[in-house]
Amino acid sequence: MVLGTICWGGGTPRAAQAAVLGALGVLFILAPAEHRPAKGFVWLALAWLALAGVAFLPAVWFALPEWRVRFGEAGVVLPSTLTPQPAHTVEALVWLFAGLAWIGWLAPDTATRRMTMRVLAAGIAGIAAVALGAWAAGWQVPGWVSARGFGPFPNRNHTGHVLALGGILALGCAADAAQRRAWRAVPWIAAALVIAAALVVNFSRGGVLLLLGSAGIWGVLAAWQQRSWKIATLSAAAVLAGAACVLIGSHSMAARFAGGADSEVGFRVFIWSDTLAMVRAGPWCGDGLGNFRQLFPLFREASVIQQSVWHPESDWLWLAAEMSWLGVALALGIFVLLARGAFPLVRGSQRRLRMAALAGALGAALHGLVDVPAHRPGSALLALMVLALARHDPTPLALPSARWIWRAIGLVLVGAALAWPRGHDDVAEAGRLADARDLAGAAAAANRAVARTPLGWQGYYVRALVAANEGRVLAALADFRRARLIEPHLVSVPQEEGRVWAQIIPALALPAWEDALLRVGSPRDAEIFAEMLRVVPNDAGARAKLLALTQGRPELRRMWLEFAPPAEREAAERAEKQER
């Protein structure tokens with residue numbers, strides 16, 4: 001199931017998400033665990049779920065944030081709950097519940113650990129081999145959704161995360177096999193090399209660092225276990241040799257580590273800074289799961305560019321933004337509790353396998369500081385399974401009631417899978433219907449988009465577009481205003497509004513484009529100003545308003561002077577000389 005999730009776009013397509021939830025549910029129903037998880041895990045998990053559920057309490061029970069007041073004044077209709085987008089919060093809560101159920105169902109089993117690790121390592125090595133072959137042949141693997149054409153995930157960092165975990169598992173299988181016959185380790189070393197090659201081609205620094213870092217953690221664990229400086233030295237040398245091979249073998253990857261044009265490391269710091277501001281401004285329980293993408297634009301200062309930010313480039317900061325630091329503490333408590341089950345690493349407990357798995361799990365948690373693999377089903381399910389493989393808890397006692405509890409959990413997940421939205425994009429549908437002049441259908445689709453995502457500017461924009469084409473000017477102006485209020489940074493929002501009005505009521509395009517000019521600098525402002533000059537009414541007053549917008553923008557002033565009638569141009573030049 002885990003390998004299938006990875007191969008199906010990493011579990012990111014909506015249909016794949018429904019299938020994964022359904023598969024988990026069926027698994028719990030047909031193969032219910034006979035044990036109950038440790039009491040500490042149960043209490044922490046319940047507390048985490050309860051904290052997520054606080055988002056459904058009335059918003060008036062909490063201090064209302066300034067943005068909520070402004071949105072209400074602008075006519076943005078928000079639900080009475082603390083979470084401004086309950087549909088998004090419900091979906092995220094379902095995934096949180098599924099993840100906790102998954103790690104709770106997984107129990108350490110010495111009899112199956114070796115086979116499970118070998119299947120995972122071989123499967124990920126197979127994925128790496130297919131990715132390399134498809135990349136070399138220029139072939140798109142069905143079900144894979146990589147924007148770069150390499151790997152199953154849309155984002156190369158998540159593909160790198162999975163490959164790195166597969167690589168450390170393969171090395172663990174090699175170390176385990178070498179205990180009996182040295183030659184038995186050869187296939188697993190070969191698998192690790194294939195995965196390493198795929199990591200280099202994948203071009204993700206995070207994946208390379210995760211593999212090397214996990215190998216280093218494994219070396220530290222082994223050295224500590226044996227109380228051996230020799231093992232520590234050899235492990236460090238092996239990690240450094242691996243790093244050297246990567247940097248020497250791929251000049252492009254070396255350039256990325258050196259901070260080349262494609263590095264983007266510095267911008268992540270700006271995102272983290274604005275995310276911390278969002279955390280500080282939120283209530284004690286956070287604003288609710290599933291709300292980061294729509295709320296983050298309201299807190300962008302250091303990270304303002306003409307590009308949307310969908311996540312904070314950190315699993316832990318994402319959790320803090322939506323569930324506060326209390327949510328982070330609960331998640332960290334669960335991880336420490338589960339990781340503690342890997343100790344002691346004694347002989348006769350398959351400790352080589354378990355050390356490799358523990359190193360991978362610790363590396364995955366650290367990777368979550370600078371990326372978001374825990375928010376992707378394929379990478380999250382794998383990481384949780386790797387953590388379970390590291391544990392060596394005492395065999396839990398069988399409880400007759402446990403099987404029925406797990407079946408009930410399975411039924412909940414199957415129900416969630418059946419009700420799961422299959423990826424219907426109301427905004428895109430509204431746009432298509434508007435282009436086809438089906439204004440009634442477009443309005444209905446836009447209303448559905450606004451109802452589901454009241455903090456998404458796209459729904460208001462499409463609804464305003466429909467209203468403008470129907471001649472409902474006031475309604476269109478109100479929705480355009482809401483779209484600009486919700487997305488205060490992207491210039492495309494007011495710029496596209498201006499283009500709509502330029503075709504219907506040119507005078508109304510100017511205020512929208514004035515807002516657009518305030519959002520950008522040179523040279524983008526010249527493009528917008530040129531559009532304003534093309535549609536400005538043939539009126540001296542209107543042209544004077546445009547002239548006022550050119551203050552501090554010499555290029556725009558030059559464009560205005562070339563456009564204005566001679567008398568107005570001469571008057572503007574005289575006024576400028578007098579000011580000097």
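User: Let's start with the second largest pocket: how many nonpolar, polar and charged residues does its lining have?

Analyst: Keep in mind that this is a predicted model. To read a lining, sort its residues by class. Here the lining of the second largest pocket has 21 nonpolar, nine polar and five charged residues. That's out of 35 lining residues.

User: Which residues lie nearest the centre of that pocket, and about how much space lies in it?

Analyst: Leu171, Ala175, Ala215, Trp218 and Ala238 lie nearest the centre. The second largest pocket holds about 1000 Å³ of space.

User: Now the surface. Which residues form a nonpolar patch there?

Analyst: Look at Leu57, Val60 and Trp61, which together have about 350 Å² of accessible area in a nonpolar surface patch. Leu57 sits in the loop between helix H3 (39-53) and helix H4 (66-73).

User: Why does Leu57 count as partly exposed?

Analyst: Partly exposed is the band between buried, under 20%, and exposed, over 50%. Leu57 falls in that band because its relative accessibility is 31%.

User: And Ala129: where is it found, and what is its relative accessible area?

Analyst: Ala129 is in helix H6 (residues 110-137). Its relative accessible area is 41%, so Ala129 is partly exposed.

User: How far apart are Ala129 and Ser401 in sequence and in space?

Analyst: Check both separations: 272 residues in sequence, and 44 Å from C-alpha to C-alpha for Ala129 and Ser401.

Notes: Residues numbered from 1 in each chain as written. Predicted model: local features only at pLDDT ≥ 70, side-chain atom pairs only at ≥ 80, totals over all residues. Heavy atoms only, no water. Helix = DSSP H or I, 4+ residues; strand = E, 2+ residues; numbered from the N terminus. Buried < 20%, exposed > 50% of the residue type's maximum accessible area, 1.4 Å probe, protein only. 1 Å grid on protein atoms, 1.4 Å probe; cavity = no way out; pocket = protein on both sides within 12 Å on 5 of 7 lines; lining within 4 Å. Points joined across faces, edges and corners; volume = space filled by probe spheres on them. Nonpolar A, V, L, I, M, F, W, Y, C, P; charged D, E, K, R; others polar. Patch = residues over 30% accessible without salt bridge, like charges linked within 9 Å, V, L, I, M, F, W, Y side chains within 5 Å. Areas by Shrake-Rupley, 256 points an atom, 1.4 Å probe, with all protein chains shown as cover. Salt bridge = Lys/Arg side-chain N within 4 Å of Asp/Glu carboxyl O.
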